[in-house]
Amino acid sequence: MLFLVYIVRVPFKVNENLTTAPGPAMFGTESSLSMFLNTLTPKFYVALTGTSSLISGLILIFEWWYFRKYGTSFIEQVSVSHLRPLLGGVDNTSPSNSNTSNGDTDSSRQSVSECKVWRNPLNLFRGAEYNRYTWVTGREPLTYYDMNLSAQDHQTFFTCDSDHLRPADAIMQKAWRERNPQARVSAAHEALELEDCATAYILLAEEEATTIVEAEKLFKQALKAGEGCYRRSQQLQHHGTQYEAQHRRDTNVLVYIKRRLAMCSRKLGRTREAVKMMRDLCVFQLMKEFPLLSMFNIHENLLESLLELQAYADVQAVLAKYDDISLPKSATICYTAALLKARGVSDKFSPEAASRRGLSTAEMNAVEAIHRAVEFNPHVPKYLLEMKSLILPPEHILKRGDSEAIAYAFFHLQHWKRVEGALNLLHCTWEGTFRMIPYPLEKGHLFYPYPICTETADRELLPTVFHEVSVYPKKELPFFILFTAGLCSFTAMLALLTHQFPELMGVFAKAFLSTLFAPLNFIMEKVESILPSSLWHQLTRI
């Protein structure tokens with residue numbers, strides 16, 4: 001400020017004002033200020049406030065654009081990156097943490113693996129369910145990215161290098177690569193005219209059948225054809241790599257058919273039959289002969305069917321086998337474990353009573369299980385508590401993402417409602433999870449830090465036209481965006497008021513500036529009364 005006064009001393013005639021001020025007042029501050037304010041016109045105040053509003057508005061627009069594109073504030077980033085080192089700030093990312101490099105590497109690998117897109121174990125039938133939704137609502141429940149991933153899966157499961165040896169398989173190899181649904185269905189019918197082709201029946205059951213009953217009939221025909229192909233290829237699998245690949249393909253086809261038949265039985269109400277088929281498939285899943293079964297996650301289908309039967313002891317037995325630290329977690333495993341813990345205490349749970357007497361051991365275990373599940377996937381509670389509307393689940397999900405939350409809640413909401421008080425316990429305790437998770441998510445509590453790639457992948461998997469993707473953690477607006485927005489609005493209001501009421505705003509401006517300088521005048525008067533006046537006379541001459 002002293003440098004500014006020195007610069008403007010000539011145009012504002014500071015020296016003259018200070019030396020010619022009447023009376024003994026120090027520097028003539030009060031008279032000089034009043035003279036300066038009296039020379040200002042309302043146009044000056046309009047220009048001042050209008051210019052301030054324009055500049056702050058431009059800064060606001062730039063800050064908002066930068067935040068939407070890069071997720072951070074430009075001013076804040078410049079301050080942290082360039083000004084902080086100049087002011088002596090310490091860089092926390094220095095090489096002194098070399099001892100934790102291995103842990104950081106493992107964490108980054110885990111984050112990459114968690115951003116992998118998985119096939120939805122409970123995916124719906126495209127013809128009997130997804131297409132019916134489109135016919136009724138006119139909306140497309142599946143995105144192009146999701147369907148493209150399904151096409152890649154089908155080529156992996158149902159094709160091999162020896163398809164050219166069987167004409168029907170050669171036709172189906174082209175059909176799985178076809179983008180047009182009608183062309184795929186026509187190719188399947190063409191393949192069936194040559195022979196009983198299991199993969200052709202699969203395609204028709206998935207895409208042409210308009211009801212689950214029709215789909216089940218086609219899958220039964222596919223099972224008959226697939227078992228014959230499997231037996232023949234099993235006898236020849238050791239005759240060369242070509243026959244081994246063919247046997248692997250026939251194995252994948254047979255397992256896929258049995259899994260979809262079990263899902264048909266579950267949808268048609270024959271739950272016990274579905275559980276028996278799923279148990280048989282889970283036994284195969286543990287065999288090395290069926291390596292791709294781990295991609296199907298059939299145990300999640302089994303858990304959902306057992307919950308429908310309310311066979312909670314069997315559910316606990318399945319969880320004991322798959323809820324292991326060495327196996328990948330999922331929302332189904334974590335939230336089912338929380339549901340079983342909550343089932344024992346939820347019917348008598350009361351927040352008021354718990355706050356008075358504290359939580360019992362069983363209630364504490366239930367709350368910890370809920371916190372564990374919420375930390376793994378924080379999007380699920382809003383769907384279970386019906387705070388957010390559900391849509392049809394996609395054919396692929398991203399673990400710990402919004403797509404997995406939709407897929408879980410779509411099938412398991414009824415099981416939570418069936419357990420008395422479970423949703424009430426979830427409602428009272430789920431938000432407490434975020435107090436235990438370090439912010440800004442640099443470390444996890446029970447799991448690895450929440451991956452930052454989920455929002456991008458979920459926007460590709462979910463129809464964002466009619467569904468708002470859930471984002472965690474919520475991106476809060478930076479301080480500088482709020483500050484510039486307030487500054488722009490305030491100065492624009494001042495400019496408008498000054499233009500409409502120039503005399504009144506001039507009075508207010510003079511009163512404000514006089515009030516602002518009143519403490520300074522008071523201090524100067526006190527200093528002047530203490531020090532001799534000759535000293536101030538010498539200073540004014542300087």
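Among contacts in the protein between residues at least 6 apart in sequence, what percentage join residues at least 24 apart? The share is 70%, where a contact means heavy atoms within 4.5 Å.

## Model and overall make-up

This is a predicted model, in which local features need pLDDT of at least 70, side-chain atom pairs count only at pLDDT 80 or more, and totals for chains, interfaces and linings use all residues. Residues are numbered from 1 along each chain as its sequence is written, and side-chain values use heavy atoms, with hydrogens and water left out.

The protein has 27 helices and 2 strands; these are DSSP runs numbered from the N terminus, with helices being H or I of at least four residues and strands being E of at least two.

## Burial and surface

Of the 542 residues, 42% are buried. Buried means under 20% relative accessible area, exposed over 50%, and partly exposed in between (1.4 Å probe, protein chains only).

## Cysteines

The count of disulfides is 0, a disulfide being a pair of cysteine sulfur atoms within 2.5 Å. Cys 264 is buried, at 0% relative accessible area, while Cys 428 is partly exposed, at 36%.

## Phe 490

Phe 490 lies in helix α25. Its relative accessibility is 46%, so Phe 490 counts as partly exposed.
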